[in-house]
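Please examine the model displayed below before reading on.

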Amino acid sequence: MPQATLSAARVEGLLARSLPSEELERILFDSKAELRSRVADELRIEATPDRLDLLTEAGLAAHLAGALGLAQGSLPIVASKGEGAAPSIDATPAVDPIRPVIAAALIEAPDDAPLDAGLLDEAVRFQELLHATIGRDRRAASLGIYPADRLAFPLRYDLEPLAGVRFVPLDARAEVRAPAFFAEHPMGVRFGPLGTDGTRCLTLRDATGGVLSLPPVLNARPLGEAAAGDRRLLLEATGTRAGRVADALGLLALVFLARGWSVRPVTVHAPGRTDDGRALLAPRHIDLPSDLLRTVAGRAYPASEVEHLLSRVRLAARPSPHGWQVEVPPWRPDLLSSRDLVEEVVLARGVRSEDGLLPPSPTRGRRLREVRFRRAFAARLLGLGFVPLLRPVLSPDAVVRILGRTAAVALANPVSEQFAVLRDSLEVSLLAALERNTRHGYPQRVSEVGPVVVADTSAETGARTRTHAAFVLAGEGMGFAEAAAVVDYLLRCEDLRGVREPAEIAGAIPGRAARLRLVGETVAEIAEVHPRVLSELKVPVPVAWGEVDLSALWPLVGRPTGAPTINPEGPSAERG
Amino acid sequence: MDAEPGAEDGATPVTLSPSEALLLDLLSAAPPGTLIAEEEVASRSGLSPEAVRGSLQRLRSKHLAVAEETSTSTPTLTARGRAARSAGLPERRLWRWLRERVDGVPAENLGAAGLDSEERSAAIGILRRRGWLAPGVPLRLVPGVGDSPAPLEEERVMESIASGRDDIDPKVFRALQRRGLAQVERTTTRRWRASDEGRRLPPAASAPTLLGAVSSAVLSSGAWRDRSFRPYDVRARVPFLTGARPHPYAAWLEEFEEILIGLGFEQAEGPLLETEFWNSDVLFMPQEHPARSIHDALTVRGVEGRPPPSELLERVVAAHEGRPIPGTAVPISPGWRYPYDRAVARRPILRSQTTAVSARFLAARPAPPFRMFSIDRNFRHEALDASHHLEFAQCEGILGEEGITLRHLVGVFRALAEAIGIRELKIRPSYFPFTEPSIEGYVRHPRLGWIEVFPGGLFRPEVLVPLGVGVPVAAWGIGIARLAMVALGISDIRDLYQDDLARLTGREG
């Protein structure tokens with residue numbers, strides 16, 4: 001889950017009171033955030049991915065103020081007086097294939113509190129957090145902050161030939177050419193692919209042609225360098241999707257709007273569409289029907305309690321004919337529908353263990369019959385003295401290779417060689433176990449009843465999950481006959497008798513391997529493991545192996561009920 | 001199991017094996033106080049020296065025989081020492097060899113001297129200390145020094161040892177010991193007599209012969225009818241047996257299943273290799289959700305999935321994109337506001353949550369009321385450590401019925417916690433893309449304190465409506481591996497899958 005380091009002093013400053021850690025922990029336990037640590041001024045806060053607004057000082061303080069009863073209702077969004085011509089951005093059609101969406105808003109500081117270094121730092125830290133989370137490392141959305149007083153509107157968002165673009169990167173003193181910037185500057189190298197098409201790059205320029213930034217890579221000096229003392233800022237976001245861009249901008253605006261900055265919309269003109277930007281930082285309205293609240297929460301809420309609870313989580317609600325209409329601020333993109341508002345109310349009240357109700361069971365619980373069949377099979381192996389294992393399906397690449405099981409499905413992004421292949425036979429796991437147990441003396445009798453994954457182009461997912469039961473006999477005198485006898489016994493317990501046919505099985509001694517067929521189906525494999533395999537695994541004794549495909553056997557013994565199946569591959573819940 | 005009982009307690013009848021009885025008779029026949037050497041006892045009894053030694057020791061432990069022990073220490077040459085005495089000590093052999101090479105020999109040519117590397121360095125060191133070897137290289141003897149063939153001190157002492165003389169310089173002897181050429185050999189000789197108690201026992205010839213092991217011959221002959229069996233020392237050590245027993249983790253999971261079955265839940269399963277559609281899309285997880293990236297999910301090579309059922313796919317797409325479900329006029333919600341990619345839906349992925357099983361269960365449109373559980377494996381792209389495994393079990397459960405609310409979900413959490421012996425439960429808000437409200441149940445473990453165990457919530461309409469489910473559904477996914485670790489007292493998650501036969505059979509803890 002996302003985490004941020006916040007300044008305790010800044011949060012306390014916004015609350016105008018101190019905040020003991022115990023109190024903070026208590027409030028956050030009932031919220032979607034957690035205090036991970038507090039060292040000196042640094043609060044390490046973790047929040048669920050839907051509540052990024054709690055990962056900035058302004059948002060956390062607003063939330064805490066509600067919980068502490070210091071403030072109620074929504075933070076006001078003040079419209080700016082809006083002197084001068086309406087600011088706008090012209091987006092050219094050239095940007096569409098790369099990064100089509102741009103949105104922006106102009107914000108103005110209260111008269112007595114222009115931008116200071118602390119606020120700029122808070123905004124930049126939150127901006128980076130948003131890039132990493134909702135912005136998906138800038139791919140989906142990236143943000144920019146500019147000193148609006150130094151800009152001449154309208155701005156122009158364009159895709160220009162690299163050769164014609166020169167600018168001073170925000171962290172440099174001298175002008176650079178765009179090709180050199182994308183080839184050499186760390187930010188250019190890292191994010192360049194998001195803002196270029198090989199010969200051209202995205203640019204944001206003001207009406208005089210000055211470069212504000214190369215979205216989504218880096219701002220330019222001086223037009224992209226906000227500083228302490230600035231009174232008007234342009235907040236801008238580009239991305240691939242309008243919703244994501246608007247959400248990112250709404251969250252970033254929280255840092256300023258919570259401190260009384262006012263908003264002036266920025267119009268975006270693009271070919272065939274114009275957005276006046278008024279909806280961008282304006283509240284949305286969502287209905288909260290009282291009957292939905294009751295049916296989800298399982299209890300009735302008096303109207304006054306609902307309004308009080310919403311007010312505590314900094315939402316404003318007005319009664320409506322069927323419940324309430326709730327004003328949702330732009331920094332709460334997690335609130336999509338009535339259902340989300342229900343959660344706000346329920347969680348604001350707190351869910352208590354004693355609220356729990358267990359409805360009388362109208363259903364009859366049971367195991368899958370096929371699972372009972374597998375367990376009975378496992379019990380017989382146990383009765384024969386086989387030590388049961390429970391091994392991961394993800395198996396060591398080396399053992400799969402030594403056995404020559406080339407059909408096994410391999411991971412495209414393995415974490416380690418030990419867990420690189422999906423076993424298609426339990427033999428892989430059992431031989432790996434023998435390899436690790438050579439110090440324990442012989443004979444060894446080991447078994448597993450568990451899932452394997454077998455590639456199958458006719459399956460919905462490209463492979464089928466099957467359950468096998470397998471065993472190995474390791475020790476002097478262990479051979480094909482001993483393993484075949486075990487398989488015969490296991491089948492005889494099900495009143496079944498198969499026919500063994502010679503077979504070529506990878507990793508087996510030629511001429512000492514068989515498949516066992518039953519009404520035309522292969523249900524088991526039996527073999528003596530080849531000395532080549534044993535020597536590679538450093539197993540010093542002969543090993544015989546048998547493996548029964550329980551998924552193949554079940555239809556022959558299970559007398560299934562004809563129940564609907566939820567699993568395209570067989571096992572399912574059995575209804576009726 | 002033929003150890004003999006002790007005779008510490010006078011009330012315990014003394015029983016003797018045939019060989020013990022024979023030897024006690026032999027010792028008792030000698031005049032009182034007469035000691036007989038152990039070798040003499042062996043030759044008189046006709047038994048092997050080993051059998052005699054064991055039986056006499058047992059007679060002594062029963063206080064029936066007494067031994068007088070004499071230990072002697074004798075300096076002797078080791079096998080290496082004896083070889084050096086005949087072929088010459090390494091320093092003597094090196095001296096002889098160098099004496100014939102007055103111009104000196106480079107160190108690397110010393111191989112021809114017939115000494116192994118250990119002998120070579122010892123010999124060079126000794127000759128240098130004696131001042132017979134000139135400093136530096138090549139190696140050569142100091143002219144005029146050490147020409148005399150007089151014996152070295154070591155050679156003199158070795159001769160004395162070999163001929164049993166006692167003119168042995170202790171300092172030189174210790175040096176030979178360090179070089180593994182000489183040793184002190186200790187020998188113990190025992191002479192035996194019967195104790196007073198032993199002499200009082202009646203001769204074995206008059207005692208009834210006791211039966212040893214029960215054999216088929218004993219049974220068929222009926223010999224057991226008029227004879228007694230020699231008693232065993234029932235406290236003696238016996239062989240250490242191990243065997244196959246149910247796997248502890250599997251057994252624990254089965255126990256947990258019983259609890260759910262008791263609460264009216266029926267079991268379900270689904271495939272381990274899923275498509276992204278069933279693993280995520282149908283659960284209203286946006287296709288760009290961070291948990292779906294290759295850094296969090298495991299994908300496979302060379303396998304292609306098939307498209308999901310088209311009608312269901314279109315309904316799910318509408319929910320994601322915030323459009324009305326086909327056949328309806330109003331969207332369920334604004335959705336995720338992005339263009340859904342149908343090609344992603346068919347991509348195979350290793351199941352990352354058992355909620356996929358719930359999705360398949362619900363897609364089969366079960367008639368309410370229904371309760372379903374699934375305890376099965378899931379996979380995530382995690383670095384392996386004591387608390388994270390790429391492959392882990394989850395217990396998924398859903399409960400669908402008219403009138404189901406969040407309070408019922410909390411009720412199930414409480415029932416499950418109580419069933420595993422935990423009374424304290426507290427709930428806090430949480431977030432999952434497919435449930436709203438979402439909560440997490442924490443339980444207080446006596447040793448570990450509050451631990452997060454029950455994440456859950458009510459399925460969102462964006463999940464249920466496309467699936468055609470008309471009743472509210474409470475859902476949860478318990479990190480069952482974590483609970484199992486607590487219950488089994490395991491601190492490393494990898495131990496749940498361990499395959500050490502010594503531990504699985506109980507040979508080692």
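## Terms and source

Two strands pair if DSSP finds at least two bridges between them. Helices (H or I, at least four residues) and strands (E, at least two) are DSSP runs, numbered from the N terminus.

The model is predicted: local features need pLDDT of at least 70, side-chain atom pairs count only at pLDDT 80 or more, and totals for chains, interfaces and linings use all residues. Residues are numbered from 1 along each chain as its sequence is written, while chains are lettered from A and ligands numbered from 1 in the order in which they are written.

## Paired strands around β8(A)

Strand β8 (residues 155–161) of chain A is joined by 6 bridges to strand β11 (residues 200–205) of chain A, and the two run antiparallel. Here A:Glu160 stands opposite A:Cys201 in β11(A).

With strand β5 (residues 88–91) of chain A, β8(A) runs parallel, joined by 3 bridges. A:Ile89 stands opposite A:Leu155 in β8(A).

## An open sheet

In chain A, 7 strands form an open sheet of mixed pairing, in the order β21-β24-β25-β29-β28-β27-β26. Because β21 and β26 (499–502) of chain A stand at the edges with a single partner strand each, one side of each is left without a neighbour in the sheet.

Within chain A, β25(A) and strand β29 (residues 543–549) run antiparallel and share 7 bridges. A:Val472 stands opposite A:Trp545 in β29(A).

## The contact between the chains

Chain A gives 82 residues to the contact and chain B gives 87 residues; two residues are in contact if their C-beta atoms, placed from the backbone, lie within 7 Å. On the side of chain A that touches chain B, α10(A) provides the largest share, 6 residues.
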